[in-house]
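Reader: I would like to go through the labels attached to this model and hear what each one rests on. Please set each value against its rule.

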Amino acid sequence: MLSLKGDVDVAPDKSISHRALMIAAISCGTSRINNLLLSDDCISTLKCLEKLSVDITQLKGSYVVKGSGRFLKSAVSDLDAGNSGTTARMISGILAGQNFKSRIIGDASLSARPMKRVVVPLQKMGARIKTHNWCLPMDISGGELNAIHYVSEISSAQVKSCVLLAGLFACGITKFSEPVKSRDHTERMLKNFGADISVEGDTVSVKGCPSLSSFDVTVPGDISAAAFFIVGALITRGSNLVIKNVGINPTRTGVLNVLKRMGGNIVIENTRVLAGEPVADIIVRSSDLKATEITGAEVPFMIDEIPVIAVAATQAMGETRITGASELRVKETDRLKAITSEIKKMGAVAEELEDGLIIKGPVKLKGAKVDSYKDHRIAMSLAIASLIAEGDTIIKDKDCVTISFPDFWKKLKETVK
Ligand code: S3P
């Protein structure tokens, strides 16, 4: 029987890394980013910014960004967001405020993902945008923008960030409201860089035309990456794992709340604040889990962790029911469909709902040939399921973990005893 033991550092936070690069790029002055995530998605952001003539250099393990001020230089070719929805949607907000034309493209997965959610608010602000059936490629003719109050039907930090970044190029105060507050890294980061930004309930307001100052960011570990190790330690026997320096921003810790509610032995220690973000060490021990119910009001706080929570639910006593999670259908792959079909191949008792999942446990899993659908979070969730499966598991396209956690396989090997 395998256990997860010792200390582990997980990948730096992907969301914070994208934001640090983009916001430093449009600030005045030089910012240093320590512990930047150099995964495929963040490299897409870095390369797009370099194409827009932002000067980014590496210096002793850190990245130094010389801000261009609010106005960038037009790119000579298409801006390739690769597999990264965060790159495409956030950078569209910056490009909407530039006095030139840009085209954003992406890989096959990203080109099938909805862009209407950012196109509509940006058009309302005055940007001229063309898409292919609301998907990439996206052609943006930017310029002076109008401030708006955008009330979004979905909770999405990518959409919120796009509107707030565009708001920096608008005269007046831009407001964004959403049903449940999504992750607030952009708000925190903009404040650090000197923007005039305020939050009241689920509405964020940002004042246009600021001159952003520089700021040095140290990126904490990604709780979404930590989630795989947390579930791994909970569901294996004899595990005792310390995950160091993990971001515990309350808009991201839904996974901790749910796993604790399921009976998970999870202790948070050494809490401190790093560049405006709370950070801690997380200690996890093997636990007997019980089923739970997760509804739409909680989903935004654990949007990327639901596939691995589903793996935890296969080992929990009773029926776990997840609803209000239809956003998972428009991620890198349809994650509701992918996780249900693949854990079922391993013997799980799972059912796909239109907006969620039902999983019955506990069930003894068995090794199988499974498909990641080239989705990093599906690949890592299946890797965690394989730890408790009898026999070998073969995960198709397992290397897609480089999207968010390039060292995942190495770190897993180091912690599995
Ligand atoms: C992200 C927001 C989430 C999340 C994604 C990263 C971000 O997407 O799924 O992995 O960095 O803003 P939505 O905002 O579309 O829910």
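Author: Helices and strands here are DSSP runs, a helix needing at least four residues and a strand at least two, numbered from the N terminus. By that rule Trp134 falls in the loop between β7 (128-132) and β8. The model is a predicted one.

Reader: Why is Trp134 called partly exposed?

Author: Partly exposed is the class between under 20% (buried) and over 50% (exposed) relative accessible area. Trp134 has 35%, so it belongs to that class. Its phi is near 70°, a positive value in a residue other than glycine.

Reader: Where is Tyr373, and what makes it partly exposed?

Author: Tyr373 sits in the loop between β24 and α12 (376-387). Its relative accessible area is 35%, and therefore it is partly exposed. Tyr373 also has a positive phi, about 55°, although it is not a glycine.

Reader: Why is Thr314 called buried?

Author: The cut-off for buried is under 20%. Thr314 has a relative accessible area of 1%, so the label applies. Thr314 is in the loop between α10 (306-313) and β21 (316-322).

Reader: Which residues is Thr314 in contact with, leaving aside its neighbours within four places in sequence?

Author: Ile343, Ala348, Ile359, Gly361, Pro362, Val363 and Leu365 are in contact with Thr314 on that count. Two of these names, Gly361 and Pro362, are joined by a cis peptide bond with omega about -5°. Pro362 lies in the loop between β23 (356-361) and β24 (369-371).

Reader: What is the omega of the peptide bond from Leu136 to Pro137?

Author: Omega is near -5° there, and the bond is cis. Pro137 is in strand β8 (residues 135-141).

Reader: What makes β3 and β15 edge strands of their sheet?

Author: The sheet is open and has 4 strands in the order β3-β4-β2-β15, with mixed pairing. β3 (55-59) and β15 (217-218) each have a single partner strand, so one side of each has no neighbour in the sheet.

Reader: How do you know that β3 pairs with β4?

Author: Pairing requires at least two bridges between the strands. β3 and β4 (residues 62-66) are joined by 5 bridges and run antiparallel, which meets the requirement.

Reader: Which residues make up domain 1 and domain 2?

Author: The domain assignment gives 14-218 for domain 1 and 220-415 for domain 2. Their contact takes 28 residues from domain 1 and 28 residues from domain 2. The centres of the two domains, taken over C-alpha atoms, are 28 Å apart.

Reader: How much area do domain 1 and domain 2 bury between them?

Author: The size of an interface is often given as the accessible area lost when the parts come together. For domain 1 and domain 2 this comes to about 2,300 Å², with 50% of it on carbon and sulfur atoms.

Reader: How many salt bridges does the rule find across the interface of domain 1 and domain 2?

Author: It finds 3. There are also 14 residue pairs in polar contact across that interface, both residues being at pLDDT 80 or more. On the side of domain 1 that touches domain 2, α1 (14-25), α2 (40-51), α7 (185-192) and β15 each supply at least two residues.

Terms used. Residues are numbered from 1 along each chain as its sequence is written. This is a predicted model: local features need pLDDT of at least 70, side-chain atom pairs count only at pLDDT 80 or more; totals for chains, interfaces and linings use all residues. Side-chain values use heavy atoms; hydrogens and water are left out. Buried means under 20% relative accessible area, exposed over 50%, partly exposed in between (1.4 Å probe, protein chains only). Contact means heavy atoms within 4.5 Å. Domain bounds come from an automatic or database domain assignment. Buried area is the accessible area (1.4 Å probe) that two parts lose on being put together, summed over both. A salt bridge is a side-chain nitrogen of Lys or Arg within 4 Å of a carboxyl oxygen of Asp or Glu. A polar contact is a pair of N or O atoms within 3.5 Å; within protein, one must be able to donate a hydrogen and the other to accept it, and residues adjacent in sequence count only if both atoms are side-chain atoms.
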